[in-house]
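Subject: Structure for you to look over

Dear colleague,

I am passing on the structure we spoke about, with some notes on what was found in it. Please open it first and keep it beside you while you read.

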4 protein chains.
Amino acid sequence: MSDHDLKIDELMDGEELTEKQKKIIISAIESFAEKGYSATSTSEIAKKAGVAEGTIFRHYKTKKDLLLAIVAPVMAKFVAPFIIKDLNKVLHQDYEHFEDFLSAMLKNRRDFLVKNLATVKILVQEIPLHPELKELFKEHIALKVYERFEKIVEHYQANGQIIEIPAYSVVRMTFTSIFGYLIARYMLLPEAEWDDEAEAERTIQFIMHGLAGPNSSKN
Amino acid sequence: MSDHDLKIDELMDGEELTEKQKKIIISAIESFAEKGYSATSTSEIAKKAGVAEGTIFRHYKTKKDLLLAIVAPVMAKFVAPFIIKDLNKVLHQDYEHFEDFLSAMLKNRRDFLVKNLATVKILVQEIPLHPELKELFKEHIALKVYERFEKIVEHYQANGQIIEIPAYSVVRMTFTSIFGYLIARYMLLPEAEWDDEAEAERTIQFIMHGLAGPNSSKN
Amino acid sequence: MSDHDLKIDELMDGEELTEKQKKIIISAIESFAEKGYSATSTSEIAKKAGVAEGTIFRHYKTKKDLLLAIVAPVMAKFVAPFIIKDLNKVLHQDYEHFEDFLSAMLKNRRDFLVKNLATVKILVQEIPLHPELKELFKEHIALKVYERFEKIVEHYQANGQIIEIPAYSVVRMTFTSIFGYLIARYMLLPEAEWDDEAEAERTIQFIMHGLAGPNSSKN
Amino acid sequence: MSDHDLKIDELMDGEELTEKQKKIIISAIESFAEKGYSATSTSEIAKKAGVAEGTIFRHYKTKKDLLLAIVAPVMAKFVAPFIIKDLNKVLHQDYEHFEDFLSAMLKNRRDFLVKNLATVKILVQEIPLHPELKELFKEHIALKVYERFEKIVEHYQANGQIIEIPAYSVVRMTFTSIFGYLIARYMLLPEAEWDDEAEAERTIQFIMHGLAGPNSSKN
DNA sequence: CATGAATGAGGGTTCATTCAT
DNA sequence: CATGAATGAACCCTCATTCAT
């Protein structure tokens, strides 16, 4: 409980949340993640939160506002590490090698995912269904993150650590591999047994060197 | 129209579909893909299909039955290429190199995705929300496909074309890369300009050799 | 089956019933008796009868027509014994004593009830709910039967076998006792163990002499 | 109106009923009694009650719950006079003669019926159609009432006021006569002219001494 | 602030009935 | 004759939202 509260407060920073509001948010997250926004009724959320139906609407004018209140901060937190003002500087000094940068990013985003599993699930599931969300996502996340990441890629290409292919391809493949791993790990097969350290390492190595074995050459 | 019909008939093979049934399915696919199953009303589907609402329920006992009627065949078609009885034999003879196999698979599944874009979207979106679908997916797709794929991987590992890491990691990373590409290309950023041949080739090369440039070595 | 058919044919005399019509009637009777007219759907009847939905409406223009087709003949059969043209004559000669007449009537109507249990149930249940039925009942049954019965009562009062109270009271109390017995026996508690002969006899004796024991006098 | 309210409140004792709830109950009783439960729509009840349809379902989860809310208290009230704890004692002292007991019961139950005419109609009509109601009725009414009544009968048999036939026959015939009268009077032919006191008295006399006139003897 | 009764539009589904085959 | 696909009104019920308390 206090554990949950902490996370909620942390996510919703800036806002002062009453006790009831917190319970509403927590219940909504749970239900939205499990059954989807559309299949979750406000009365259900109210009941689960131990709150009157009207109370929800005192804090969030509409049901969709409640969704946004949940989803928007996750987007913000998700972008944050990529747009810290002096990211470039920091990066170059901290991570001499692309490999190290990848490793750091994977771990950093993994921590985030673990902390915000349900909320990210909602994000992923609802974005394609709500044009407003899609827009929000494109503007605030996709573009900003992509811009930063492109610069990073170009930096590592400039010093020969990454092959010379279009930056957007590099970005796509890197993201695909890292988030493909995280999604498989935490969302598709969370109940399987995972050797997290080994898989993370393998994923990084895969991004760097692929799967080719000694006899892979075609000629 | 006749174009659409063809695709529907092809997908729902085995079943004899009346004209009205086809219209219902087509309308349902469109709406489910756009707004999600839960947010789509049967009356809306009926209107779009130019059919009385009762007609839907003559053919599909419940709304969920309609969803299953749409989603089940896609699953079947999706698995099909992986479980052709003599897949192994064929593969070994046709694709001397893993690279060629990957390329073939990517193209094959890409064609499938292009043809069934909306339906696959529905599949991807609804699976996490419906336990029955999740079960169906696990049994019929995940397991069967994985089994086959694992054998293929082991075959190419045996002759040294793939590095010796756990087969499931190879499978995960391969799938992640290929479907990551397809999802980005056709579902997330379909409106961007894509040089499909080049991206496909890059993706294959990435899977084989990763991103490492000449100076990537850390020591 | 052939047993059932016989009874149906017998009840619906005059009409030529096709095989399907008979099945429809039988199914309708079963369902109407069990769940009531209103709660029984035509599709349910069709299914139970092994007949297409449309077939019902070929024979009976509306659902209510089907009800009437079932209920009207029972009314007719029910009245029949009371309005045989020469009832009076017959009676006077056959039954010197009122007691014997009662006994005959009880047995006669009991046989009828046993044969038409479900249909009578429907009759009893639906009459209060359908003004047309109520009208039918009043005109064809209540009045005609009452008239005859009144004459009979007056006859037995004239020769001192029945006390001199208003005929309608005699009719009411007689009917109440006889049908009260039959309803209890066959409709309310059919599963209890009944000594039919003894109960019938007791009922007749009750009508004749009441319950008073030797010390019943109040003064 | 205030008259109606009184009766409703009295019937639904224990429950606090809002104004709207009362209107719903009153409307439902009216419609159920007239057309039967199954043929009455919730929208019709709502309209008649001057209430939104949703309001009905806020107070009664289902339509059947509404039926039960109406019917259950009538059952309870109906049994009540029979199961007053010290019924036996009271009876024996108050009613030296069975005849007086009968007379008291008839009047008592008549008052009840007059007050709850519509509701009893519903009860009588719906019990055969709903297994739950049938069960409720058997457990709470039939059994409890029968037990008490049997004891009373045995008491009057012991002192010779009632002839020595099986108690259940006495019970059946007494009930049949009394309720046969009440049903005829208030449910079948309410619009006829009745001399209530005379009919009541005749009914009691009938139960006590039957219909036999001076020349009724068969030998 | 919090409540929960009230709303009425709309949800999925069933209905009696029609009609082309 | 018999069929069963098609209909659209009506069914019971749930919904997001409002507002007097």
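Which residue has a backbone N or O atom that lies 2.7 Å from a phosphate oxygen of DNA strand F? In this predicted model the residue is Lys63(A), whose backbone atom makes that approach to the phosphate oxygen of DNA strand F.

Before going further, please keep in mind that this is a predicted model, in which local features need pLDDT of at least 70 and side-chain atom pairs count only at pLDDT 80 or more, while totals for chains, interfaces and linings use all residues. Residues are numbered from 1 along each chain as its sequence is written, chains are lettered from A and ligands numbered from 1 in the order in which they are written, and side-chain values use heavy atoms, with hydrogens and water left out.

DNA strand F

There are 31 residues around DNA strand F, and the closest are Lys63(A), Thr55(B), His59(B), Thr55(C) and Lys63(D), where a residue is near a strand if one of its heavy atoms lies within 4 Å of it. Of the atoms of DNA strand F that come within 4 Å of the protein, sugar and phosphate account for 63%. Two or more residues of the surface near DNA strand F come from each of H4 of chain A, H4 of chain B, H4 of chain C, and helix H3 (42-49) and H4 of chain D; helices here are DSSP runs (H or I, at least four residues), numbered from the N terminus. By class, that surface near DNA strand F has 6 nonpolar, 17 polar and 8 charged residues, with Ala, Val, Leu, Ile, Met, Phe, Trp, Tyr, Cys and Pro counted as nonpolar, Asp, Glu, Lys and Arg as charged, and the others, Gly among them, as polar.

DNA strand E

Around DNA strand E there are 32 residues, of which Thr55(A), Lys63(B), Lys63(C), Thr55(D) and His59(D) come nearest, and sugar and phosphate make up 61% of the atoms of DNA strand E that come within 4 Å of the protein. A backbone N or O atom of Lys63(B) lies 2.7 Å from a phosphate oxygen of DNA strand E, and an N or O atom in the side chain of His59(A) is 2.8 Å from a phosphate oxygen of DNA strand E. For Thr40(C), a polar backbone atom is 3.3 Å from a phosphate oxygen of DNA strand E. H4(A) gives the most to the surface near DNA strand E, with 5 residues, and by class this surface near DNA strand E has 6 nonpolar, 17 polar and 9 charged residues.

Chains C and D

Between chain C and chain D, 49 residues of chain C are in contact with 49 residues of chain D, contact meaning heavy atoms within 4.5 Å. The area buried between chain C and chain D is about 4000 Å², with 58% of it given by carbon and sulfur atoms; buried area is the accessible area (1.4 Å probe) that two parts lose on being put together, summed over both. The count between chain C and chain D is 4 salt bridges, a salt bridge being a side-chain nitrogen of Lys or Arg within 4 Å of a carboxyl oxygen of Asp or Glu. Glu199(D) and Arg172(C) meet through their side chains in a salt bridge at 2.5 Å, N to O. On the side of chain C that touches chain D, the largest share, 11 residues, comes from H10(C), and by class that side of chain C has 20 nonpolar, 19 polar and 10 charged residues.

Other salt bridges

Over all chains the structure holds 38 salt bridges. One of them joins Arg172(B) and Glu199(A) at 2.5 Å, N to O; Arg172(B) lies in helix H10 (residues 167-188) of chain B and Glu199(A) in helix H11 (residues 196-209) of chain A, so the pair joins two chains. Arg172(B) is buried, with a relative accessible area of 9%, and Glu199(A) counts as buried at 1%, where buried means under 20% relative accessible area, exposed over 50% and partly exposed in between (1.4 Å probe, protein chains only). Within chain A, Glu44(A) forms a salt bridge with Lys35(A), the closest N and O atoms being 3.1 Å apart; Glu44(A) is partly exposed at 22%, and Lys35(A) is partly exposed at 29%.

With best wishes

Conventions. Polar contact = N/O pair within 3.5 Å; in protein donor to acceptor, adjacent residues only side chain to side chain.
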